[in-house]
Amino acid sequence: MSKEDDNKAVVGRWFTDFWGKTCNLDIVDQLAAPDMLLHYSLHEPRRGREDIKAFMTDFREAFPDLHFWGAADLIAEGDHVVGRWEGGGTHTGPAFSDFLIGSLPAATGRKMHFTGTTVLRLQDGRIVEEIGLDDGVKALQQLGLLHAEAR
């Protein structure tokens, strides 16, 4: 297998086990570098395994049905893997204040569904960086945190 194939296999496991329907936080210790950077536009950047685990724990408590899935084949070049995805969930859990633009009170029942593209950088078989460009505007509108102006 090539380096690119190995990297795609790591990212495939990450997407399934971390972002998938059921999250296994042990995958963070297995696949993430100790100081991994996780950065999406809806949230503050997270750095390090414990911070990333805390982020996902809080996110899944607020959105118990949260999950994401691949929308296209992974593309790899050198140390980078790119993936397109879609996903979302329903806010039926506790209040959630991790969005940069605002907070949700407990159990709003609001649903979000959105898409994005993520670039992951790997080093020695570990994920050192996950930077995603997501359709955060759409998600925030669905959650009632951002309102479109009438034209």
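Let's start with Glu 77. Its relative accessibility is 62%, so Glu 77 counts as exposed. One caution: this is a predicted model.

Where does Glu 77 sit? It is found in strand 4. Now look across to Arg 121. In sequence, Glu 77 and Arg 121 are 44 residues apart. In space, their C-alpha atoms are 9.9 Å apart. Arg 121 has a salt bridge with Glu 129, at 3.6 Å from N to O. Arg 121 is partly exposed, because its relative accessibility is 29%. Glu 129 is partly exposed too, at 23%.

Next, the strands. Strand 4 covers residues 75-77 and pairs with strand 5 in the antiparallel sense, over three bridges. Opposite Ile 75 stands Val 82, in strand 5. Two residues lie between the strands of this hairpin, and Gly 78 there takes a positive phi near 60 degrees.

Strand 5, residues 80-90, also pairs with strand 3, residues 67-70. That pairing is antiparallel, over four bridges. Trp 69 has Glu 86 as its bridge partner. Then comes strand 8, residues 111-123. Strand 5 and strand 8 pair in the antiparallel sense over 11 bridges. Here Val 82 stands opposite Val 119.

Now go inside. In general, nonpolar side chains in soluble globular proteins tend to be buried together. In this model, the largest nonpolar core has 37 residues. Which of them touch the most other members? They are Trp 14, Trp 19, Phe 59, Phe 63 and Phe 99. Several elements each supply at least two residues of this core, including helix 1, strand 1, strand 5 and strand 8. The largest share, five residues, comes from helix 3.

Take Trp 14 from that list. Leaving aside neighbours within four places in sequence, Trp 14 is in contact with Trp 19, Ile 27, Leu 31 and Leu 120, among others. Glu 130 is also one of its contacts.

That brings us to Glu 130, in strand 9. Glu 130 is buried, yet has no salt bridge. How far away is the nearest side chain of opposite charge? It belongs to Arg 60, and it is 10 Å away. Glu 130 does have a polar contact of 2.7 Å with the side chain of Trp 14. Beyond four places in sequence, Glu 130 touches a set of residues that includes Phe 15, Met 36, His 39, Tyr 40 and Thr 118.

Compare Asp 98, in strand 6. Is Asp 98 buried or exposed? Its relative accessible area is 16%, so Asp 98 is buried. The side chain of Asp 98 makes polar contacts with two side chains I want to show you. His 43 is one, at 2.5 Å. Arg 46 is another, at 2.6 Å.

Follow Arg 46 onward. Arg 46 forms a salt bridge with Asp 51, with the closest N and O atoms 3.0 Å apart. Arg 46 counts as buried because its relative accessibility is 13%. Asp 51 has 28%, so Asp 51 is partly exposed.

How many salt bridges are there? The count comes to six. One more to look at: Glu 50 with Lys 53, at 3.4 Å between the closest N and O atoms. Both lie in helix 3, three residues apart, about one turn of the helix. Glu 50 is exposed, at 57%. Lys 53 counts as buried, at 14%.

Note on methods:
Residues are numbered from 1 along each chain as its sequence is written. This is a predicted model: local features need pLDDT of at least 70, side-chain atom pairs count only at pLDDT 80 or more; totals for chains, interfaces and linings use all residues. Side-chain values use heavy atoms; hydrogens and water are left out. Two strands pair if DSSP finds at least two bridges between them. Buried means under 20% relative accessible area, exposed over 50%, partly exposed in between (1.4 Å probe, protein chains only). Lys and Arg count as positive and Asp and Glu as negative; His and the chain ends are not counted. A salt bridge is a side-chain nitrogen of Lys or Arg within 4 Å of a carboxyl oxygen of Asp or Glu. A polar contact is a pair of N or O atoms within 3.5 Å; within protein, one must be able to donate a hydrogen and the other to accept it, and residues adjacent in sequence count only if both atoms are side-chain atoms. Contact means heavy atoms within 4.5 Å. A nonpolar core is a set of buried Ala, Val, Leu, Ile, Met, Phe, Trp, Tyr and Cys residues joined through side-chain atoms within 4.5 Å.
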